Number of protein chains: 2
Amino acid sequence: MNRITKLFNIEFPIIQAGMVWCSGWELASSVSNSGGLGIIGAGSMYPNILDSQIKKCKNATKLPFGVNLPLLYPDIDKHIEIIIKNKVPIVFTSAGSPKRWTKFLKSHKIIIVHVVSSFDFAKKCQNEGVDAIVAEGFEAGGHNGREETTSMCLIPNITTNINIPTIAAGGIASGKAMAAAFALGAEGVQIGSRFVASKESSAHINFKNAIINSNEGDTSLTLKELTPVRLLKNKFYDKIQNAYLKKSNIDQLNSLLGKGRAKKGMFEGDLEEGELEIGQISSTINKIKSASEIFDEIKNEFYLTLNNLNNLNIK
Amino acid sequence: MNRITKLFNIEFPIIQAGMVWCSGWELASSVSNSGGLGIIGAGSMYPNILDSQIKKCKNATKLPFGVNLPLLYPDIDKHIEIIIKNKVPIVFTSAGSPKRWTKFLKSHKIIIVHVVSSFDFAKKCQNEGVDAIVAEGFEAGGHNGREETTSMCLIPNITTNINIPTIAAGGIASGKAMAAAFALGAEGVQIGSRFVASKESSAHINFKNAIINSNEGDTSLTLKELTPVRLLKNKFYDKIQNAYLKKSNIDQLNSLLGKGRAKKGMFEGDLEEGELEIGQISSTINKIKSASEIFDEIKNEFYLTLNNLNNLNIK
């Protein structure tokens, strides 16, 4: 037991990231049933969809699971109502200030974790009474911070100076990286990309194949003028780069992004025009496996790595 | 003993990065005398200066030390001649292909290590017969790669797929980070920023103070069209950003950079117009200490971290 397994009442501190278009009840329940914490990504769901996803998840596992809620979501009041009504025990919030909802959710006995990409935001979370932090480095997929602080720099800064427990995210797809995160002071890891390429993820098979075929340097953090996002480079990415060359302003970038790009790419499998949010570590992911296989592989490699570290032969 | 301590014949696998304007014989000999590997940064030295620095270093330590040689240096033939004449046992090469000099240096029984920022380059090094690799993540200070691969992603990819030993660099300024690097499979760490802010470094006191006063987000990897470089944001950095806004071409960027900016900033202490090369981890460095204090602190925290990992209470 550590503070994270205790907080979530789980066996082993692997948390599956709640991601738009990729993490529905099938993935979340599989990870929870493996002994970690599965999370439903509410950011891409209408309220009625979220409601039915939560119900299906409850049917698929008796173990704790959570919902990830991007705080900028327009229908957030309805989402929160559904979460409370369904007695979801754990909520991960992201993309917004922890100030707005923390007290309210806690008054409903919900455990609240907030995703941050900077030390300053971690401090704010602690002050607001958040239960734990996800510290997400520059290498993480999807939306990210402007400071570009990498996991190696961000995590120890937070764990050394903040008291609430820290879950490391960004660049973690193996037991080695999980052990590294623990060396940096994290008490859990949140894993996204690796679970996107799982059998149970709701990502389109084209997207899963693009991940396992991706190479070093194939992702980029872009659109920093809007909300910075790390994505797999494709035709849509080239269009963004072109827009930059033409000195496009924020309105023009926004209109290029348009609506529905993330769904088109990740859920419908349009690898050219879609937005393919994924982490830098995708270049090391080579096979689509079941969530439980992934879970066990990481867990076993984590213990093996700890064992290796314990047998280092340097004085 | 591990492969790195054996290769260099040192006690403990901390390597001090050979950096322009910051690492002369005083820093290098202090680190070697502490039990690690000190490195003279030849990139900012005329041949006669390098010659006298090596001689002074030999007077200050009987233990092994090395020279870092950026392969793009114009007078490289003279540098190599001096290294051979002075029987320097170890050379770290960077900023260029390992192909050109590896065989020649090895024919003189010199141990050769090459600095890479990508997996592909690590593979090339292995094929060329380089003895070890420094794998340098996106967060590292100074010149860096275009792929932006962070330490958390780069190191395990290399250590899993490359056989020669790997020294991790980028984001490492503490024993926690050193333990993390070892979890990722590294057998040594190369530490730059932390040693720039040491008493023995030849950096100007203004630059050292700027480092210990820097905060999260204060560095940036820029000038990607020339040679990408991570530096502390200052007036010179603002000029670069302005040049980008004005769509300056490579010639214009080159002329803005001009000559002698690095010396002006790091050695002469001009914090406004100088180029201040430093890593992202500088935000966590808060005090100027002696190299041996830094060395011992990292070493002690490394063992403490391994001990903590060995006592993790999760099943």
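Colleague: Which residues have the most contacts inside the largest nonpolar core?

Modeller: The general idea comes before the case. In soluble globular proteins, nonpolar side chains tend to be buried together. In this predicted model, the largest nonpolar core has 182 residues. Those with the most contacts inside that core are Ile133, Ala181 and Val189 of chain A, along with Ile133, Ala181 and Val189 of chain B.

Colleague: Let's take Ile133(A). What is Ile133(A) in contact with, leaving aside neighbours within four places in sequence?

Modeller: Its partners include Val113(A), His114(A), Val116(A), Ala122(A) and Cys125(A). Further along the chain, Ile133(A) also touches Ile158(A), Ile162(A), Ile164(A), Thr166(A) and Ile167(A).

Colleague: On to sheets. What is the strand order in the open sheet of eight strands in chain B?

Modeller: Again, the general idea: strands of a sheet pair through backbone hydrogen bonds, either parallel or antiparallel. Here the order is E1-E9-E8-E6-E5-E4-E3-E2 in chain B, and the pairing is parallel. From one strand to the next, the twist averages 25°.

Colleague: How many bridges pair E3 and E4 of chain B?

Modeller: Five, in the parallel sense, between E3 (residues 65-70) and E4 (residues 90-94) of chain B. Within that pair, Asn68(B) is opposite Phe92(B) of E4(B).

Colleague: And which strands does helix H7 of chain B touch?

Modeller: Helix H7 (residues 151-161) of chain B packs on the sheet against strand E6 (132-136) and strand E8 (166-169) of chain B. The helix direction makes about 175° with that of E8(B).

Colleague: Last one, the interface. How many residues of chain B are in contact with chain A?

Modeller: 43 residues of chain B contact 43 residues of chain A. On the chain B side, the elements giving two or more residues are helices H6 (119-128), H7, H8 (175-183) and H14 (291-310) of chain B. H8(B) gives the most, with six residues. By class, that side of chain B has 19 nonpolar, 18 polar and six charged residues.

How values were computed. Residues are numbered from 1 along each chain as its sequence is written. Chains are lettered from A and ligands numbered from 1 in the order in which they are written. This is a predicted model: local features need pLDDT of at least 70, side-chain atom pairs count only at pLDDT 80 or more; totals for chains, interfaces and linings use all residues. Two strands pair if DSSP finds at least two bridges between them. Helices (H or I, at least four residues) and strands (E, at least two) are DSSP runs, numbered from the N terminus. Axes are lines fitted to C-alpha atoms, for helices over the stretch in contact, and angles run from 0 to 180 degrees between N-to-C directions. Two residues are in contact if their C-beta atoms, placed from the backbone, lie within 7 Å. A nonpolar core is a set of buried Ala, Val, Leu, Ile, Met, Phe, Trp, Tyr and Cys residues joined through C-beta atoms within 7 Å. A residue is buried if 20 or more other C-beta atoms lie within 10 Å of its own, exposed if 12 or fewer, and partly exposed in between; C-beta atoms are placed from the backbone. Ala, Val, Leu, Ile, Met, Phe, Trp, Tyr, Cys and Pro count as nonpolar, Asp, Glu, Lys and Arg as charged, and the others, Gly among them, as polar.
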